[in-house]
Amino acid sequence: MKYLKFKEGDKIPEFILNNDEGKKIKSTDFLGKWLVLYFYPKDNTPGCTTEALDFSESISEFNKHNCEVVGISPDPVEKHIKFKEKNDLKVILLSDPEHVVLERFGVWQLKKMYGKETWGVVRTTLLIDPHGVIKKIWENVKVKNHVYEVLDTLKNMNKQ
């Protein structure tokens, strides 16, 4: 199966996914705002929880810069609801159990862990401008301090 890979300067494809409240959210809903779109493997795992908490703790800073933060994983809506409530998350979570959007963005990949190959999400973050254009891509994200790097990049781009 061939995966589309986007680069900085590309426009993101349109998509529709259910959010953590079961409502349909379209990528076009975010036009006119900056968007941090982060892809993560699984709710309630240590790295994914830390990442969601870090983005949630900084959400007011992102909002000051007219920016929404959206996480996408293959978990179902019900799991997102519990994850969000348990951790008091302030980010928007979108559910992609069929991997349609994950595959379209090229983040659903064959990964090796402990010598075994399995399909899963490669932790990736995109910073998208108000016109839907990718301005910055972070691949194979390491969670520690990642949110601050994304926020600094957003602030610097807002100055331009």
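Me: Which residues touch the most other members of the largest nonpolar core?
Reply: Keep in mind that this is a predicted model. The largest nonpolar core has 23 residues. Those in it that touch the most other members are Val36, Tyr38, Phe55, Phe62, Val69 and Val91.

Me: And which element gives the largest share of this core?
Reply: Elements giving two or more residues to this core include β3 (34-39), α1 (46-57), α2 (59-64) and β4 (67-73). α5 (146-159) is on that list as well. With five residues, the largest share comes from α5.

Me: How many residues are in the other core, the one that lies apart from it?
Reply: Leu35 and Ile72 are among its members.

Me: What does Val91 touch, leaving out residues up to four places away in sequence?
Reply: Val91 is one of the residues with the most contacts to other members of the largest core. Beyond those sequence neighbours, Val91 touches Asp20, Tyr38, Ala52, Phe55, Ser56, Ile59, Val69 and Lys84.

Me: Over to the largest pocket: which element gives the largest share of its lining?
Reply: The lining includes Pro41, Pro74, Trp108, Lys111 and Trp119. Two elements give two or more residues to it, β6 (108-113) and β7 (116-121). The largest share, four residues, comes from β6.

Me: How much space lies in that pocket?
Reply: By class, six nonpolar, one polar and two charged residues line it. The space in this largest pocket comes to about 170 Å³.

Note on methods:
Residues numbered from 1 in each chain as written. Predicted model: local features only at pLDDT ≥ 70, side-chain atom pairs only at ≥ 80, totals over all residues. Heavy atoms only, no water. Core = buried A, V, L, I, M, F, W, Y, C linked by side-chain atoms within 4.5 Å. Buried < 20%, exposed > 50% of the residue type's maximum accessible area, 1.4 Å probe, protein only. Contact = heavy atoms within 4.5 Å. 1 Å grid on protein atoms, 1.4 Å probe; cavity = no way out; pocket = protein on both sides within 12 Å on 5 of 7 lines; lining within 4 Å. Points joined across faces, edges and corners; volume = space filled by probe spheres on them. Nonpolar A, V, L, I, M, F, W, Y, C, P; charged D, E, K, R; others polar.
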